[in-house]
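Here is a friendly walk through a two-chain model, from overall surface to single residues. Please have the viewer open as you read.

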Amino acid sequence: MERKLATALSGAALLLLVFGTSACSISNSSETLSNSISSPFEWSSDSSDSSSDSSAGDSAYRQDVSDYTVAFATGDGDLDAFRSGLRLLSERRGVTNWEEDGLTLASIGQGLNEAGWKPDAMRAFAQELLGANAPGLEALQAGYASIP
Amino acid sequence: MSRRGRAVFAAIVAQAALCTSAFGAADEFDASFDYLYVEANEGSSSGGHTAVRFGAQSYHFQNRDGLLVLDREFTADLLHDYALLNNRTVRASRVALREADLRRLHDSFERRYHRQSRQLEVGAALRDDLELLDRWREGAASEVPGLGYFERDGTASPAVRALRDRLTERYGIGFLTRRRDEALAQLAELAATDPAAWPAPPPEHASQEPPLAWPWARRYQAVASSVAAVDLLHASAALDATTLVVRETPSGWLVDEELRRIREMRARLEDSLVRLAGSPRSDWGRPFLVGLARLLALDEALARRRLVVLDTLPADAHQLPYRALEPRLERIGEILLAGHARIEMARRDWSSGAPGERPQTRLEGAINRVHELEASVREQRALRLAPGNRVPARPGPSRTPLPKLEDTHSIDTARARVASRIDRHAAAMTALYRYHLITRNCVSELFETLNAGLGDSPEEVAEVLGGHLDGHSEFGFVPFVSARAVDDRFRVVEQRVLPSFREMQLAEMRRHESPAWVALRESNTLTARSYQRGYRDSAFLFFTDDRVWLRPVLGVANLTTAVLESLWGVVKLPADRGETLRAGLTGTLVSLPELAFFNIRKGSNDWVMPSGSLVEALDRPLPAASADATPADQSVETELPGWSR
């Protein structure tokens, strides 16, 4: 039985090789008519009736920003570099001005907490990051406090 | 899509086997993930494909320009892409494990995804450096994202002037000039800086985190946008009306309640622009330009009482030629209907006063895509495609000359250094991630990431998953072999099959018509109602995915069809730039395996309405399996919401 299976598999593998087929998907999703109206992302996940998918989108973004913040907080990059990376992340999420986006700011706060920053250091950093943006400072600190 | 096709939408999740193995009985395994095997089709993964699913998110490796890149997608999108658009059956094997181990695995994929994304981003930033130097060398003005929405000359905008006055009132006289001077000084410093000085070491291993840095050209462009923003405020520049998309249809009319909401939005947006101008960040200009353009678009909406948004489609978007649309006008009518529904959904969200920028971005995206498709059909021109979230970023040339390197020799020297960095980085990325059919493909990397997340020790991995696989040995690099190995070795507690879209349609047809008649009619591309040739499909006559023993015979017919199309393609070569010839040759290639009982091609669909029900169907509890149950006995049917209108 095993020998038969092995022979069949060998044949299949040889076919793959001989005909030059590619195991694995080639990323070219922008070339479909389906994308003329909207990407699958927007249809099925970002704005579907399913609140669980929408919440998964927020959750993934929160994780991305928080992970990026941890990388910054435990590395030696400067604040401008951090802001530059935030811009890229938030634009992919459809946000151009992350300083006004509560989810982004709360996620930064979470990342600082995960990186082990003390409250004083967090507050000083938030001040340097956001200046006098009071609602922004509040959102960042709330994100920090959301992790026990 | 035919009327018949529209009526047929039932997802049938067949329970191929419900294993109640010794593993499944153990309560300690309180979590699970799915190993997804996607059957082959011609085109993007003709050898099949694999992915790992953690709930709403899935991870899979794709071949992107020769590099094997880990992509993270919503499971709903992945299933829509493969099962619906690409007519591929998806088989899910549910692997049980402990919750803590599941987190380790998920983290392993997340880490790899983030690190590789950042490594790729460094490569993109290096290429931006080269592009900026090339623009300087050509003597071209700096392009500033967002500036393209404004008129260069013409009448002043009272709204912009009012905002400028508000900024002066808030931050004092001379504030804007000081910000501009600071930005110009930064640009002068940047122009004198070595573009190859920012840290961008070629990655040595996949887990290497690139240093956090603000790349040279991106920094330059960001600061340049701040200069542009102040210039624009000083000139009180008006919005360029040609960059607006206006819904002139009756449905674009705004009711009083919406107008009231827009006024509130406008006030909030203006407040945020005032805060942004005073922000300590030096890249405040770019979001400011976009925000200001949106503010003026809201003014237009108020003045016209119509939905008005910015044109967000980039000029260099990938284009679908009109000749690809023409044979699909019936399908496009359906897409537009769905698009209009999408606009209404986004509009409700937008006008409900939901906080944040995303409702605005979603509305812009929905309107832009419908508008583009309508214009493309009306004007019989190519269609610009722009998937994903698109924030407005139309670039425009800087109004004032900005500091830059003037000396050609200095530019060439800098250019050579940057080019060398690009080469080194690209070589390192290739060494780390180059796709290889056998040694590094979507299967081998998936198992490498799984194993890395569990400590790499075969014993430890086996303890967690029930077995150890490396994606290399025993033909484990072949996707369908890997799926079988997962079923055999891992702690698989459930297996489910999500049929392809064509299979779903056939099953529904068989419920209402004679199965023999359906089989006959749907066996070929000439009479099938479940299939309309997809834009990228090759030429073929018979479906062979469900007729194993007839494959060689049908394969000969398919081969003949493809060869004839190739010959026709040679004749049409000057007229269609080889598209027919390409389809014919591809058809020939994927017909050959059919002669040896091997099916690759399933046909694809240009458009299928997505549905989150696919994921729900995968997760719905199955009825308890009786001892003599067959897969057909245990099928579960699910209506796909949003499909039938």
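## Chain A at a glance

Chain A has an accessible surface of about 6,000 Å², and carbon and sulfur atoms hold 54% of that area. Accessible areas here come from the Shrake-Rupley method with a 1.4 Å probe, and for residues only the protein chains shown count as cover. Before going further, a word on conventions: this is a predicted model, in which local features need pLDDT of at least 70 and side-chain atom pairs count only at pLDDT 80 or more, while totals for chains, interfaces and linings use all residues. Residues are numbered from 1 along each chain as its sequence is written, chains are lettered from A and ligands numbered from 1 in the order in which they are written, and side-chain values use heavy atoms, with hydrogens and water left out.

The secondary structure of chain A consists of seven helices and one strand; helices (H or I, at least four residues) and strands (E, at least two) are DSSP runs, numbered from the N terminus. Followed along the sequence, the order is α-β-α-α-α-α-α-α. Of the 148 residues in chain A, 56% are buried, where buried means under 20% relative accessible area, exposed over 50%, and partly exposed in between (1.4 Å probe, protein chains only). Among contacts in chain A with a separation of 6 or more, 64% link residues 24 or more positions apart; a contact means heavy atoms within 4.5 Å.

## Helix H6 of chain A and its partners

Helix H4 (residues 79-92) of chain A packs against helix H6 (residues 119-130) of chain A at an angle of about 70°, with the axes 11 Å apart. Axes are lines fitted to C-alpha atoms, for helices over the stretch in contact, and angles run from 0 to 180 degrees between N-to-C directions. H4(A) is therefore roughly perpendicular to H6(A); angles under 35 degrees count as roughly parallel, over 145 as roughly antiparallel, 65 to 115 as roughly perpendicular and the rest as oblique. On the H4(A) side, Leu79(A), Phe82(A) and Arg83(A) meet Phe125(A), Glu128(A) and Leu129(A) of H6(A). That contact has four nonpolar, no polar and two charged residues, with Ala, Val, Leu, Ile, Met, Phe, Trp, Tyr, Cys and Pro counted as nonpolar, Asp, Glu, Lys and Arg as charged, and the others, Gly among them, as polar.

Helix H5 (residues 102-114) of chain A also packs with H6(A), at an angle of about 145° and with the axes 11 Å apart. Their crossing is right-handed; a crossing is left-handed if the near helix is turned anticlockwise from the far one by less than a right angle, and right-handed if clockwise. Here Leu105(A), Ile108(A) and Leu112(A) from H5(A) meet Met122(A), Phe125(A), Leu129(A) and Leu130(A) from H6(A). By class, this contact has seven nonpolar, no polar and no charged residues. Helix H6 of chain A also holds Arg123(A), which is partly exposed at a relative accessible area of 39%.

## Chain B overall

Chain B contains 21 helices and 14 strands. Of its 645 residues, 56% are buried. Chain B exposes about 26,100 Å², with 55% supplied by carbon and sulfur atoms. For contacts in chain B with a separation of 6 or more, 78% come from residues 24 or more positions apart.

## Features to find in chain B

Helix H19 (residues 551-576) of chain B packs with helix H20 (residues 579-595) of chain B at about 165°, and their axes are 6 Å apart. H19(B) and H20(B) are therefore roughly antiparallel, and H19(B) passes H20(B) in a left-handed crossing. Their contact has 13 nonpolar, nine polar and six charged residues. In the loop between H19 and H20 of chain B sits Arg577(B), a non-glycine residue with a positive phi of about 55°. Arg577(B) counts as exposed, at 68% relative accessibility.

Ser236(B), also not a glycine, has a positive phi of about 50°. Ser236(B) belongs to the loop between helix H7 (216-235) and strand E8 (244-246) of chain B, and is buried at 3% relative accessibility. Finally, His371(B) lies in helix H12 (residues 358-379) of chain B and is partly exposed, at 27% relative accessible area. Leaving aside residues up to four places away in sequence, His371(B) touches Val245(B) and Arg247(B). His371(B) and Val246(B) are 125 residues apart in sequence, yet 8.8 Å apart in space, C-alpha to C-alpha.
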